[in-house]
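Me: I'm new to this one and I'd like to understand how the labels get decided. Could we go through a few of them together?

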Amino acid sequence: QNPKYKYDNFGSYVTKMIVTNEAGCMDSTTREVTIYDLPVAAFSVEDTCQGYYTSFIDESLESGSPIESWTWIFGDTQYPQNDTSRVQNPQHIYQDLGDYTATLMIEDQNTCKDTLTRLLTINPVPTALFTLTDDWEGKQGQVKLDNFSEGATYYDWYFDDGDTSQQ
């Protein structure tokens, strides 16, 4: 009496119901239903560093009507007061390093929805630290630099006279 049916494709359909009583008397009615094509949630985000701005770029595809709402959940459970945004292309600062699950939920003007979840990694920030000893080996203008940086893999030195080094 109360069937459920799912249309496999978008489009307009006419649904007809015919009723018959025990005496064979019949009646019918029809209703038109429009099944809208779903939008497709998509976004890009790059792994970044702890305390840096992480930019989320919406790349969702409209299908039939414009997308009118974006809901982001950044997966930052340590700071739940800042864990969501309704901006199309938000930024978020992760204070703690680690792996996070970010989710984008979109809805178009036809109230059709889609959701996408992606994993991102927040990396530690290296610590730059060095000492400078001037007049090294008794030579005016010669300096000795001792690097005590932690967590770095590349070292770029700028000497304020136009010279550089990557040692």
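Me: Where does D135 lie?

Reply: This is a predicted model, and in it D135 lies in the loop between strand 12 (130-133) and strand 13 (144-147). Its phi is near 50°, a positive value in a residue other than glycine.

Me: Why is D135 called partly exposed?

Reply: Buried means under 20% relative accessible area and exposed means over 50%. D135 has 37%, so it falls in between and counts as partly exposed.

Me: On to the rings. How many aromatic pairs are there?

Reply: The count comes to eight aromatic pairs.

Me: Why is the pair of F43 and W72 called edge-to-face?

Reply: Two checks. The ring centres are 5.1 Å apart, which is within 6.5 Å, so the rings pair. The planes sit at 75°, which is over 60, so the pair is edge-to-face.

Me: Which parts of the chain does that pair tie together?

Reply: F43 is in strand 3 (residues 43-44) and W72 is in strand 7 (residues 67-73), so the pair ties together parts that are 29 residues apart in sequence.

Me: How do you know whether F43 and W72 are buried or exposed?

Reply: Check them against the 20% cut-off: F43 has 3% relative accessibility, so it counts as buried. W72 has 0%, so it is buried as well.

Me: What makes the pair of F56 and F74 tilted?

Reply: Their centres are 5.0 Å apart, with 40° between the planes. F56 is in the loop between strand 5 (53-55) and strand 6 (57-58), while F74 is in the loop between strand 7 and strand 8 (84-85), 18 residues apart. F56 is buried at 0% relative accessibility, and F74 is buried at 2%.

Me: Which residues do ring pairs link into a cluster?

Reply: F43, F56, W72 and F74.

Me: And what lies over the face of F43?

Reply: That's R118, at 5.6 Å from the ring centre. The distance part of the rule asks for within 6 Å, so R118 meets it.

Conventions:
Residues numbered from 1 in each chain as written. Predicted model: local features only at pLDDT ≥ 70, side-chain atom pairs only at ≥ 80, totals over all residues. Heavy atoms only, no water. Phe/Tyr/Trp six-rings, centres within 6.5 Å; stacked < 30°, edge-to-face > 60°. Helix = DSSP H or I, 4+ residues; strand = E, 2+ residues; numbered from the N terminus. Buried < 20%, exposed > 50% of the residue type's maximum accessible area, 1.4 Å probe, protein only. Lys NZ or Arg CZ within 6 Å of the ring centre and 35° of its normal.
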